[in-house]
2 protein chains.
Amino acid sequence: MNISKMIAPRSIALIGASSNPNKIGYQILSNIKSGGFCGHVYPVNLSEESILELKTFKSILDIKEHIDLAVIAIPAKFVKDAVLDCAKARVDSIVIISAGFAEVGEEGKAAQDDIASICKKNNIALLGPNCLGVINTSLKFNATFAKDLPKEGHISLISQSGAIITSIIDWSKNSPIGFSKIFSIGNKALIRESDLFEYLYNDKDTEVVAAYIENLEVDQHLSDTFIKFAKKKPTIILFGGKSSFGARAALSHTGSIVSSYTSVKAYLTQAGVIIADTLEDLLLYSRVFAAYQKISGSNITIVTNAGGPGIAAADHLHDLGLELKELSEKTIAQLRRHLRPEANLTNPVDILGDATELEYEKALEIIANDKETDGILVILTPQSATKINETAAVIARIKSDKPIISSFVGGQILTKARDIIEDAHMPCFSYPEEAALGFLMLSRFSLGKQTLVSQKDSRRNHFPLQNRDRILLDYGLPVVKYFEGSNFDRIKEEADKIGFPVVLKTADQNSHKSDQGKVILNIEDTFHLQKAFMKVGAPAIVGPMIDKKFEILLGIKKELGIGMTILFGTGGIYSEIYKDFSYRIAPISRDMAMDMILETKIGQILNGARNQKKYDLDKLAEIIVRAANFAGDYQNISEIDFNPIIADKNDFHMVDVRIITNDDLEKKK
Amino acid sequence: MNISKMIAPRSIALIGASSNPNKIGYQILSNIKSGGFCGHVYPVNLSEESILELKTFKSILDIKEHIDLAVIAIPAKFVKDAVLDCAKARVDSIVIISAGFAEVGEEGKAAQDDIASICKKNNIALLGPNCLGVINTSLKFNATFAKDLPKEGHISLISQSGAIITSIIDWSKNSPIGFSKIFSIGNKALIRESDLFEYLYNDKDTEVVAAYIENLEVDQHLSDTFIKFAKKKPTIILFGGKSSFGARAALSHTGSIVSSYTSVKAYLTQAGVIIADTLEDLLLYSRVFAAYQKISGSNITIVTNAGGPGIAAADHLHDLGLELKELSEKTIAQLRRHLRPEANLTNPVDILGDATELEYEKALEIIANDKETDGILVILTPQSATKINETAAVIARIKSDKPIISSFVGGQILTKARDIIEDAHMPCFSYPEEAALGFLMLSRFSLGKQTLVSQKDSRRNHFPLQNRDRILLDYGLPVVKYFEGSNFDRIKEEADKIGFPVVLKTADQNSHKSDQGKVILNIEDTFHLQKAFMKVGAPAIVGPMIDKKFEILLGIKKELGIGMTILFGTGGIYSEIYKDFSYRIAPISRDMAMDMILETKIGQILNGARNQKKYDLDKLAEIIVRAANFAGDYQNISEIDFNPIIADKNDFHMVDVRIITNDDLEKKK
């Protein structure tokens, strides 16, 4: 789709231009003009001769020049005709500002679909309807009804909320954040977020892609786009309506465990996308990534002229899982030579309340070459002797391949200093905790791996439920075999196959299994088996003796768009209470399976934490991979729960397996 | 101690006044003068005639007027003599700015103790040494070396970091935060935080007490002060060095579970103190409490002119555990009459992008009377039609007994509007999530209960270890009785007392209990008991048969200053992995014990969550109370671990009890 003509047009028609300053059609025209856009602008209006000193046209068809972009801001009922005219005029792209479509109900949805199909047939890129418009700062092009252009920069923004764009533009005015391109996506009739992500990933002016999205449409195109680009260009997404994700997911019967939002998060994280939890974080992360995209490790050294804020930053780095290593001996020796003896050279490095700009400079130059340091967090508090702006200038001049994020702790007196540092493309925040958070995101993006892989359905096997256990065993899955019978000789034969000790329990559905004498554990030989059989009575079930020490849950679910979600964690009765789970999207490697295991608390226990016996986790990782392969191989399997898998005597036993096929789901409907 | 003379002096002597602008002695004098302080100021200096147009004195003893406050800013080695002079001159209070005392080592500590005892003997209130000084905005009194006075207001601040004071003052300049009194506590030689908390709680200009503290000194006085006042005046504390709390706590042998910081948090929370996690939060909470201190419930209604930020706020409220109820039918009917039909009247209430100030006014007036609403979160985004300042004026005028916290989402364009609202003593933030957090704190302070009670040691019983189980049983604690013997008749006799089914296991320490045949479960009668005894061999242990379905941990620990910490949660092998615990400080009521139980996940399971059997939690709460009483009654008990307490068949069984007495701890040393 021709998004580049839309965002960088040479000629625009504004259908619905107005001379009434209260109308959106006036505001957009005024914004295009006052922004400083240099292309040709053609207002389309039925009654006026000229608006804002521009000659108007009765119809887009009257304009002689080829039109790259038509912006439509007229009542919904007239939009279709305008779009048909645009098609006739062979415009490349359309932005429909007008509301009154899918968001108001079925009828609006039908009208919107109609318009989308006209555009599709005529190869017109269509953004909206029901949107704020588009902005391109490098062309000083503002085709929105938001009052001003934001500062120019390298962050591009996709937003499903026009208001959030308006607010962010306003924020950017007295903050160092600068933008390149902004798209308000509205109802997504034709251009969807995946198209815009792809466009921005290929746009050389965009270094960071930020997005606010309320319902992410996950499909092959989005996945492929993220897989190809998200680890190269930092991508930050804030979701709106997280709390309602849960409600939607509850429709699915295992929704209480795998909520859809959790899957989306696993999916995006594996793709290398950063998720912001708040608007504030969306802006903070964007600001950090606009400055830095690489860090070599997670050891942060703090340089401060004040104890308190240094400690606060250290606490926060620690809480976030980053590390404060001590400086190398060489570095300490060098610092000692250049700083006063009272300076504290353990990390956080405290260069004292009256530190001069020269002391800051020396400390930073030396630490920039420290081999134990991956990033430097610089703190300045405005103490009486502090030369604030001079110190800022020193920081701005430091040459280092390590990221430097500063916090000048205070208000107005520091504004200029922060600008000096930001002008050198180094982030400078007010609060030390913000700088710490910046390092966390940087290390996640730079050091995290991308493990999302493009999924192509190839095998089309149909899973035959009647051969269930046989097939599972063929996949190498340790399904526990039980035998039910009324004949003791057959039971004895099976017990021999299973190997003693065994368990014998009644197969009588009406009897409570836990009733005394109806479940006999730990039967060690044939003699005791016979005694047990007499007690339990026929029919009985014989199986291996497995202690229920640790119970594991492995769940697999195919979700539209996202693919196959794999869930691993604590099983059994504690499962839904502790919610001790890790998630991945298939396909999954042995290494990824091992990461999944070790991310959970049950995984830590099985790995020998807290003096527990260490289990063979390679085997368990292999089981996860095999189970995922099994589920992937059969087209009609929609969901599997292995719950519990029991860890006992360094082995794993699948004692309960539940498979749901599409056929089951069809039946339900 | 005469803190009021220190913070509101009529006469000051500055010992160490200097004419050199680089010296602290000059900066302080200059700050006192330029701030606008109206009392008498006497510089003390050996060589100069006058400084900053003030006549100097060679010694404080030369000053004729009585001195309320002496500020000392001379090298450490001269401080003692100056203090002796102050004592002779009968000053009421001293602030020692000079560093070089306890913070530099043993020698400095001795000098500091010496000075403290001189002050104590002479009944002089002493602040510092090694501090920034004190500020009182209502007197325009700035006896610090921080450049400016902050704005006047009703927040008072206690800080162990001078730099944090400097930064906060600077912040306050372009924020609506205003301060009353500020104390830099330094090394706390004499005046400690408890004295300052007490002073500020009794100060009528102080409505909110904020503090930054690195090592809280918990004692009877602090406890009594918090108990008396912390629920009346909002108190917010940020701790520095949280990450090192863990290190210190690790010295204690159960430190991995009850870290000292956790105990401090439990202690402060029960006292009604609010804990801030970051500097940003400290200021945010202070700002909210300066405006509101009461809310009647936790139902928040959002009023917004934009969907996106409304959704973001709703998500955040939901994450924080606050509620969004729907408005009452009456309210909805009223709103319908005054708003346009497209407005969305479900919560978040969306009054549309082009909402006028009159629509805001009507919506707020109506919702202010809604019976389902406890607080109103107002969001404004600067859209093209938005009359920003007019809307702010409308909000500032709303009369409501419900707290109203606003978020004007954007930057510079909204600055004036935010000021208009803040001038009416209503908080207005940039981010909707900040407003949500404000409501959380307000509801915690206003709706939370204070359960910390003053502790007086009265009983001095000595716990005799040899009668352990007898005493525990006397307290009504369900200790499981085991009997060890080699004689079958005695074992049979005990089994009859316990009641079948029983468990028999070997008492041979060298045998692994889990070895086959050495532990026989579920023995139902004497016949089988005898068979089991033959198999296990003598000596053997007989006990009741208890299934290990749910394991509970109850821990009690006496901590210096804090008192008796009670820990409840998941026990057994999962205990340290899930860290599913709740904490309280004794004394504890049945209701508090029930809260403790229900705060944990194991408590939810025992309460019948996820289709589990419901246990008698009243009984369990009673056990917690009794265990706490038991530990409290014996002076020499320092720690008890009941781990696990097994929940089985609607009863609770203490199968393992470990008691540590002071005698044990003494022996260790």
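Guide: Asn522(B) counts as partly exposed, at 40% relative accessibility. The model is predicted: local features need pLDDT of at least 70 and side-chain atom pairs 80 or more, while totals for chains, interfaces and linings use all residues. Residues are numbered from 1 along each chain, chains are lettered from A in the order written, and side-chain values use heavy atoms, without hydrogens or water.

Visitor: Why is Asn522(B) called partly exposed?

Guide: Buried means under 20% relative accessible area, exposed means over 50%, and partly exposed is in between, with a 1.4 Å probe and protein chains only. Asn522(B) has 40%, so the label is partly exposed. Asn522(A) is also partly exposed, with a relative accessible area of 40%.

Visitor: What makes the phi of Asn522(B) worth a remark?

Guide: Phi is near 55 degrees there, a positive value in a residue other than glycine. Most residues other than glycine have a negative phi. Asn522(B) sits in strand S22 (residues 519-523) of chain B; strands are DSSP runs of E, at least two residues, and helices are runs of H or I, at least four, both numbered from the N terminus. In chain A, Asn522(A) has a positive phi of about 55 degrees and belongs to strand S22 (residues 519-523).

Visitor: How do you know that the bond between Phe500(A) and Pro501(A) is cis?

Guide: Its omega is about 0 degrees. Pro501(A) lies in the loop between helix H18 (488-498) and strand S21 (502-506) of chain A. Another cis bond runs from Gly128(B) to Pro129(B), with omega near 0 degrees, and Pro129(B) is in the loop between strands S7 (125-127) and S8 (133-136) of chain B. Most peptide bonds are trans.

Visitor: What makes a set of residues a nonpolar core?

Guide: The members are buried Ala, Val, Leu, Ile, Met, Phe, Trp, Tyr and Cys residues, joined through side-chain atoms within 4.5 Å. The largest such core has 277 residues, and Phe226(A) and Phe226(B) have the most contacts inside it. A second, separate core of 94 residues includes Tyr578(B), Phe630(B), Phe642(B) and Met654(B).

Visitor: Which residues does Phe226(B) touch, leaving aside neighbours within four places in sequence?

Guide: Contact means heavy atoms within 4.5 Å. Among the partners of Phe226(B) are Phe197(B), Tyr201(B), Ile237(B), Leu268(B) and Gln450(B).

Visitor: How much of chain A counts as buried?

Guide: Of its 669 residues, 58% do. Chain A also has 24 helices and 29 strands.
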